[in-house]
Amino acid sequence: MITAWRIFTASWKHFARNAWLAVATIFVFMMALLSVNVLLGVNVVMDRVVTVLEDKVDITVTFKPETPEQVLTQARFYLTTLDQVRTVQLIPADEVLAQFRKRHERDNKVLAALSEIDRNPLGAQIVVKAKSPDDYNFLLQAIQSPQYQTYIQSQTYDDHKAAMTKIREVGEQVRFAGALLVAIFALFGLLTAFNAIRVAIYTHREEIAIMRLVGASSFYIRAPFVLEGVWISLFAFAMAASLYGVALVWAEPVLRPLFDGADPGIIAFFLDHALLIGGLELGAMLFLVVVVSWVAVGRYLRR
Amino acid sequence: MIHLEHVSKHYPPNIVGLHDVSLKVEPGEFVSIVGQSGAGKTTLAKMLIADERPSQGRIILGGWDITNIRGWEIPQLRRQIGVIFQDYKLLPNKTVFENVSFALEVAGASRSRIREIVPQVLKIVSLDSKAERFPRQMSGGEQQRVVIARALVHRPKMILADEPTGNLDTLNTQDIMDLLLKINAFGTTVVLVTHNREIVNALRRRVITLKDGRIVSDQAHGKYVLTG
Ligand SMILES: Nc1ncnc2c1ncn2[C@@H]1O[C@H](COP(=O)(O)OP(=O)(O)OP(=O)(O)O)[C@@H](O)[C@H]1O
Ligand SMILES: [Mg+2]
């Protein structure tokens, strides 16, 4: 018990005696953690963007203006019965016209042309969303059934494929660069830690020599150095976590436009997974630091 | 207490530290080990605290064969031997009290034990009034007495002193010698390594003379033998 306390105080004395080195080590560790977190954050955002885009994929079937109401409701019912269909939305002709007007609000020519015709030139639309992106091919076929074919004016299928491919590409690049950054910072972190411990041992070489002479166990000599590494890790973790928290609060509003103003959910993601992510990061860092400092002290304790 | 059987120590490539040294020291003895520079005195001392391993032979201390002692057993050994080596001075940023209590702390002694023992050993070396001083505020002789106090905290059965009077004047040297004799009078075995002819001659105790790593004389009431 008293020994534990002595090791504890000794670790803080070590820390204070080479404070600048400790601060530098903390900084590098912090950078390593931040790069891991930024990488994670980018991943989350990318995934969310892809999900949002996937959600936008649909088939819009435009019917001829003279299509009877009955056919429309029947078509809607028919689509609803299909297993592959997630939602079916019937937009009556009037509403289609209203939407069209709204879209061309500023285009006087179009509006003028519209008002010249006294009846609604546009037909009703049915918007179909599939449960899975793979189902769209089937749905396109299904709609082509002879029953409705004659009434269908056009059908559009916007799969946002180009956009999604682009995002996936960028995502891959970011992930690669991020992983590289993480590896570099982790490596530098461990090297700095190793070096910090070397210097700490050098500073304490007289003390260590005397400790050995008067019969200190090697555990007693090693433990404060290892513990100092633990304090450094904890500081780095706390600082990285707070900095990252601030960065998230700042970034979320900035990201909103990407999601048509919806909540990007990135803060929520990190809050939900705080224990897991924090635990893993802290655990991995502590494990590495303890192993590295144990080895470093061992190497320099050999005479 | 100390039992060496045909102990040799060779350093690479072919330097002889010690060669076929056998000797026995009984508990409570006061033995001086003398010899010219490079004779192997420090090598012998280092082997007694397992700081060096013999190349050949066996070393037995108080019935414990330390020839092939394990790393984790060494602290146990060192707590039974009070060591006074020139390379291991006091820590400059600790007070006298702290320098002495340091040796107890590393062995896991409780605070109350430290408060009990440290003043005792400081009293033995007559420095109980200077416990709060720092080494730089003390004379060389006083500093060396603190080192002796530090060596005494584990109540060792044996004191091993390598040149304890190395850079002290005659008066301080006499103080240190008186102290070692006093410790020996309590029943502690003392092994003294030295160059100093006068002090050995004045002691009239057992003297072992080394030359080129070999024992060339071992006299019960010896004098410092000068061999060519
Ligand atoms: N670590 C070592 N590596 C190689 N040779 C060594 C080592 N330590 C001692 N020696 C050699 O062993 C011999 C004995 O050295 P030792 O230090 O025991 O002498 P000593 O009697 O203590 O001398 P001094 O009176 O000068 O202290 C010397 O020749 C020395 O050079
Ligand atoms: Mg020597």
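In which loop of chain B does B:Pro13 lie? In this predicted model, B:Pro13 is found in the loop that runs between strand β1 (2-11) and strand β2 of chain B. The peptide bond that joins B:Pro12 to B:Pro13 is cis, with an omega of about 0°. A further backbone feature of chain B concerns B:Arg204, a residue other than glycine whose phi is positive, with a value near 60°. B:Arg204 is placed in the loop between helix α7 (197-203) and strand β9 (206-211) of chain B.

Ligand 1 is surrounded by 13 residues, of which the closest are B:Ser37, B:Gly38, B:Lys41, B:Thr42 and B:Thr43. By class, the residues of this shell comprise four nonpolar, eight polar and one charged. Two elements of chain B, strand β2 (15-25) and helix α1 (41-48), each contribute at least two residues to the shell around ligand 1. Several side chains of chain B place polar atoms close to the ligand. In B:Ser37, a polar side-chain atom lies 2.5 Å from an oxygen atom of ligand 1. For B:Lys41, an N or O atom of the side chain is 2.6 Å from an oxygen atom of the ligand. B:Tyr11 instead has a polar side-chain atom at 3.4 Å from a nitrogen atom of ligand 1. Ligand 1 exposes 640 Å² when taken alone, and the protein buries 63% of that area.

In chain A, the packing of two helices was examined. The axes of helix α1 (residues 2-17) and helix α2 (residues 19-56) of chain A come within 5 Å and cross at roughly 90°. On the side of α1(A), the contact is made by A:Phe15, A:Ala16 and A:Arg17, while A:Ala19, A:Ala22 and A:Ile26 take part from α2(A). The residues of this contact of α1(A) with α2(A) divide into five nonpolar and one charged, with no polar residue.

Conventions:
Residues are numbered from 1 along each chain as its sequence is written. Chains are lettered from A and ligands numbered from 1 in the order in which they are written. This is a predicted model: local features need pLDDT of at least 70, side-chain atom pairs count only at pLDDT 80 or more; totals for chains, interfaces and linings use all residues. Side-chain values use heavy atoms; hydrogens and water are left out. Axes are lines fitted to C-alpha atoms, for helices over the stretch in contact, and angles run from 0 to 180 degrees between N-to-C directions. Helices (H or I, at least four residues) and strands (E, at least two) are DSSP runs, numbered from the N terminus. Contact means heavy atoms within 4.5 Å. Ala, Val, Leu, Ile, Met, Phe, Trp, Tyr, Cys and Pro count as nonpolar, Asp, Glu, Lys and Arg as charged, and the others, Gly among them, as polar. A residue is near a molecule or strand if one of its heavy atoms lies within 4 Å of it. A polar contact is a pair of N or O atoms within 3.5 Å; within protein, one must be able to donate a hydrogen and the other to accept it, and residues adjacent in sequence count only if both atoms are side-chain atoms. Accessible areas come from the Shrake-Rupley method with a 1.4 Å probe; for residues, only the protein chains shown count as cover.
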